[in-house]
Amino acid sequence: MNTRALPLYATIAIFLVAYLICWIQFPAMLSTRVIGNLLTDNAYLGIVAVGMTVVIISGGIDLSVGSVIAFSGVFISVVLRDTSLHPLVVFPLLLAVTTLFGAAMGGLIHGLGMPPFIVTLAGMFLARGAAYMLTIDSVPIDHEFYDTLRRLYWLMPGKGRLTLLGIVMLLSVVVGMILAHRTRFGTSVFALGGGAHTARLMGVAVGRTTVLIYAFSGFMAGLAGIVFSIYTASGYPLATVGVELNAIAAVVIGGTLLTGGSGWVVGTLIGVLTMGLIQTYIVFDGSLSSWWTKIAIGALLLMFILLQKGLLALGRQQFAGTAQT
Amino acid sequence: MTAKALMAGVAFAALGTAASAQTVGFSQIGSESGWRAAETTVTQQEAEARGIDLRFSDAQQRQENQIAAIRSFVAQGVDAIFVAPVVATGWDSVLEEAAEAEIPVILLDRMVDSDPSLYLTAVGSDLVHEGEVAGQWLVDEVGGEECRVVELQGTTGSSPAIDRATGFRNAIEGADNIEIVRSQTGDFTRSGGKEVMESFLQAEGGGADICALYAHNDDMALGAIQAINEAGLNPGEDILIVSIDAVPDIFLAMSEGDANATVELTPNMAGPAFDALEAYMADGTMPEKFIQTDSQLYTPEDDPMGEYERRKDLGY
């Protein structure tokens, strides 16, 4: 068995066991309604977490995404309110803005040799500030096209809804999987996560790859922003505070190594669903404080970090063992 | 379409005869203030008293958490949902889902901008009315005597400050003997109330020319009481004190004779909501779209120590 894939198996096993426990206690949890809700309610998080997975595999971090989602919602709602542009025109415009924003951060990280943490922290403040510049209120989106998007869903047997948002999220995961595991760009990302120096020796264009990675994350954050604006039918500069941290947590619970070089996009999806499942369980129970969600996620994170450390140590021992013989 | 509607109607009628709500989901904004914590406690008590299983979810001030919680309530198949919405916008989808699942939704304390057909009713207080009750008390209390009133306003521009000022003025409009001589903001805080009251006292002949104080909330009144005491006057006698909210501490002050009247902003939004729900479940009685809670007046005759005891453990 491939020891490197162990965290992924652990993630899947934990999700299944958790779902089993939920189901035993509340049989209604195993319904298409709950499954549909899990996908819809976590769509924006799932999308942004796909971008975050690629960033983390490359050994970086992107703290700006939560603010970019809020900025996107505000941007869309304000533009739709003040102009007669169609949402289908506004969406590409917004995606261009957020992608360029990500690319600019990637450029700074590579060009100045600055830690991604600092550069994207600045990006976080910039995007949040820009959202506040546009409006300080919660701006409703009142557009026919939005009503249409909102009503696009497939009613599964059992009255669950597979919404457009959920489908966009699943598609993002598939695109992310192909990009990370089946393309040259993906190979470069993994190589970069193993160390910039070795990556350069392997012939990876480090600068170009870094810019592309953060541009991709910016694009995904913009897409998540669009999804979030459909989800709440409004733009609010105070929305999605701290979502970047939820995304990072989902990525780590999904089995991706925080130090980079190893990870799975599909694991991130499971990570997002696990977090959503915990939240659903607490609502179903109805007597637990909702802050238990945070405690459970914290405990899971800690467990995965320990698991990764353990595997790393195990790998090193095996390596030493083979070297001796 | 008609067949479907008919079937839904029949199913609903069957449900209607089955009588009362068993499980109610409550999505609360969070616990940002003492009043909100009290609202949560009172809602849980009301549910318990009626034998209703209340599923409580704290949204930690985030709308996405509230939407997810409401969806989970629908998936769970609760009999009704209570929501205290964190913002007014963005509730259409989730309210439609609840409506399609035929789960009535009742809004507590705050409003949404969705179509009113998407919720059963909204329970809330009328801030202007609160000011009117306070003003009316003063009109009755002083009779025909001359009365110079100072006013401690809430945070400038906030809706409670504007509405409570308007209501008070509405009430004293006919009484020419009552005049608001000074009005300043104390920012709804105890320290703000104390500071502003000190300057009022200095400006009005050491307090001799002031007959009454109207504070937009109890906290400012409590600060002002301290300032009046320090100025060597007797609050409650030399200067009449009327305020709004009915927090526990104002009842302590009242029992010591330092405060004269307070108007309650009740944390019990759930009581009327449960009543409306019960009537609706029993025979389909549609409640009004807005249920205004009582703005009850409390004076020292209303057993202030008892009121204090009743409130002190609610989480204020």
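Two strands pair if DSSP finds at least two bridges between them. Helices (H or I, at least four residues) and strands (E, at least two) are DSSP runs, numbered from the N terminus. This is a predicted model: local features need pLDDT of at least 70, side-chain atom pairs count only at pLDDT 80 or more, and totals for chains, interfaces and linings use all residues. Residues are numbered from 1 along each chain as its sequence is written, while chains are lettered from A and ligands numbered from 1 in the order in which they are written.

**Stop 1: strands of chain B**

Select β4 (105-108) and β5 (121-124) of chain B. They run parallel, joined by three bridges. Pick B:Leu108; its bridge partner in β5(B) is B:Val123. Stay on B:Val123 and look to β11(B), where its bridge partner is B:Ile291. Three bridges link β5(B) with β11 (290-292) of chain B, again in parallel.

**Stop 2: the open sheet**

Now select six strands of chain B, in the order β7-β6-β8-β9-β10-β12: they form an open sheet with mixed pairing. Its edges are β7 (178-185) and β12 (297-298) of chain B, each pairing on one side only. Inspect β6 (147-153) and β8 (212-215) of chain B, which are parallel and share four bridges. B:Leu152 stands opposite B:Ala215 in β8(B).

**Stop 3: an annotated range**

Select residues 25-270 of chain B. UniProt gives this range the feature "domain: Periplasmic binding protein", from an unreviewed entry; such annotations may be inferred rather than shown by experiment. The range is 43% helix and 21% strand, and its end C-alpha atoms are 12 Å apart.

**Stop 4: the contact between chains**

Show both chains. The contact takes 22 residues from chain A and 24 from chain B (C-beta atoms, placed from the backbone, within 7 Å). On the chain B side, β2 (53-58), α3 (63-76) and α4 (92-100) each supply at least two residues. The largest share, nine residues, comes from α3(B).

**Stop 5: helix α13 of chain A**

Select residues 265-285 of chain A. This is α13, with 21 residues; it reaches 31 Å from first C-alpha to last, close to the 30 Å expected at 1.5 Å a residue, that is, 1.5 Å times one less than the number of residues. Next comes A:Gly286, with a positive phi near 80°.

**Stop 6: confidence**

The average is 92, and 97% of the residues score at least 70. Confidence is lowest in α14 (292-324) of chain A, at a mean of 81, and highest in α3 (43-57) of chain A, at 98.

Definitions and conventions. pLDDT = per-residue confidence, 0-100. Contact = placed C-beta atoms within 7 Å.
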